[in-house]
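Let's take a friendly walk through a protein model. Have a look at the sequence and the 3D view, and then read on.

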Amino acid sequence: MAQSQALLAVHQVLEKCFHVIEQQQNLWESTLTECIPILSSLSNLAEQLQACNKVVFMNTPFRVFPDLQCRLKYKLTQAIEINLENLGEKMSALKKVRDTVTNQVTACFQMYEKHANTIGLTAVLERTCLCPSAADMLEWLQDVQRFYRRQYLSRKLLLHNIGPANLPNLQALPQSWSSVSEQVDQDLVPDTLLKVTYFMEICHSSLNGPSLELSGV
């Protein structure tokens, strides 16, 4: 295979990868947005359950209902469990995003390793004012992959000890969840996609029209 064909094969798999990341980032962001009301509900339920635990019902007018406190605790605990299940479903969606991106990035590196000798160092480092080099894009993909992995793992660890038995942490969950986002630059993926916008347009054009040499743009 000629050098130009080998580089084109790498460019095509890179373009596909960035397109998938664009889709997955939208899914990631929408899933995190859907988590907000669940986190808020969990915090409120934890506050109510804490209050229920502190009240001595025998000293209130509700003493005529001897099983009321137990019934309230049960209902609040059940509501917490249901919301935790819903949050678990959102975590599964985030995990799917992480895995999808990982698979795409792995495919890019496998394609590059397959053609690395044919492409050569000079060509893989070549860039223009509008189009990044293949080496640049591969490095950015590693950063994106690391972002999803770390963000998912941090959220998974946060939820590991969350439950009705740990009400203070459950009540503070919205703030703890937000702090995970603050650990890294949340604009990393959008900024990366912005840097490859022109590259993706050129790749798309080359697949649907006359062949274009990316390095010659």
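## Getting started

Helices are DSSP runs of H or I with at least four residues, numbered from the N terminus. By that rule, Gln104 lies in helix 2. Keep in mind as you read that this is a predicted model.

How confident is the predictor? The protein chain averages a pLDDT of 89, and 88% of the residues score at least 70. Confidence is highest in helix 3, at 96, and lowest in helix 7 (residues 197–208), where the mean is 74. Over residues 210–217 the pLDDT stays under 50, and the model has 16 contacts beyond four places in sequence for this stretch. Where pLDDT is low, the predicted coordinates should not be read in detail.

## The nonpolar core

In soluble globular proteins, nonpolar side chains tend to be buried together. Here, the largest nonpolar core has 54 residues. Which of its residues touch the most other members? They are Leu14, Phe18, Ile21, Leu87, Tyr148, Leu170 and Phe199. The elements that give two or more residues to this core are helix 1, helix 2, helix 3, helix 4, helix 5, helix 6 (188–195) and helix 7. Helix 1 gives the most, with 18 residues.

Not counting residues up to four places away in sequence, Ile21 touches Val101, Leu141, Val144, Tyr148, Val189 and Leu193.

## Stops along helix 1

Start with His11, which lies in helix 1. Is His11 buried or exposed? Its relative accessible area is 7%, so His11 is buried. His11 and Ala134 are 123 residues apart in sequence, yet their C-alpha atoms are 7.2 Å apart in space.

Leu39 is also placed in helix 1, and it counts as buried because its relative accessibility is 4%. Leaving aside neighbours within four places in sequence, Leu39 is in contact with Leu87, Leu173, Pro174 and Trp177.

Another stop in helix 1 is Ser43. Its relative accessibility is 12%, so Ser43 counts as buried. Beyond residues up to four places away in sequence, Ser43 touches Leu170, Gln171 and Pro174.

Gln104 has a relative accessibility of 16%, and because buried means under 20%, Gln104 counts as buried. Not counting residues up to four places away in sequence, Gln104 touches Lys16, Cys17 and Val20.

## Aromatic rings

A pair of aromatic rings is described by the distance of the centres and the angle of the planes. A search of the whole structure finds 3 aromatic pairs. In one of them, the rings of Trp28 and Phe147 have their centres 6.3 Å apart and their planes at 55 degrees, so this pair is tilted. The pair links distant parts of the chain, with Trp28 in helix 1 and Phe147 in helix 3, 119 residues apart. Trp28 counts as buried at 1% relative accessibility, and Phe147 counts as buried at 6%.

Phe147 also pairs with Tyr148 in an edge-to-face arrangement, at 5.3 Å centre to centre and 75 degrees between the planes. Trp28, Phe147 and Tyr148 form one aromatic cluster.

Rings can have charged neighbours here, too: Arg155 lies over the face of Trp177, at 4.6 Å from the ring centre. Lys195 lies over the face of Trp140, at 4.2 Å from the ring centre.

Notes: Residues are numbered from 1 along each chain as its sequence is written. This is a predicted model: local features need pLDDT of at least 70, side-chain atom pairs count only at pLDDT 80 or more; totals for chains, interfaces and linings use all residues. Side-chain values use heavy atoms; hydrogens and water are left out. Rings of Phe, Tyr and Trp (its six-membered ring) pair if their centres lie within 6.5 Å; planes under 30 degrees apart count as stacked, over 60 as edge-to-face and the rest as tilted. Buried means under 20% relative accessible area, exposed over 50%, partly exposed in between (1.4 Å probe, protein chains only). A charge sits over a ring if NZ of Lys or CZ of Arg is within 6 Å of the ring centre and within 35 degrees of the ring normal. Contact means heavy atoms within 4.5 Å. pLDDT is the predictor's confidence in each residue, from 0 to 100. A nonpolar core is a set of buried Ala, Val, Leu, Ile, Met, Phe, Trp, Tyr and Cys residues joined through side-chain atoms within 4.5 Å.
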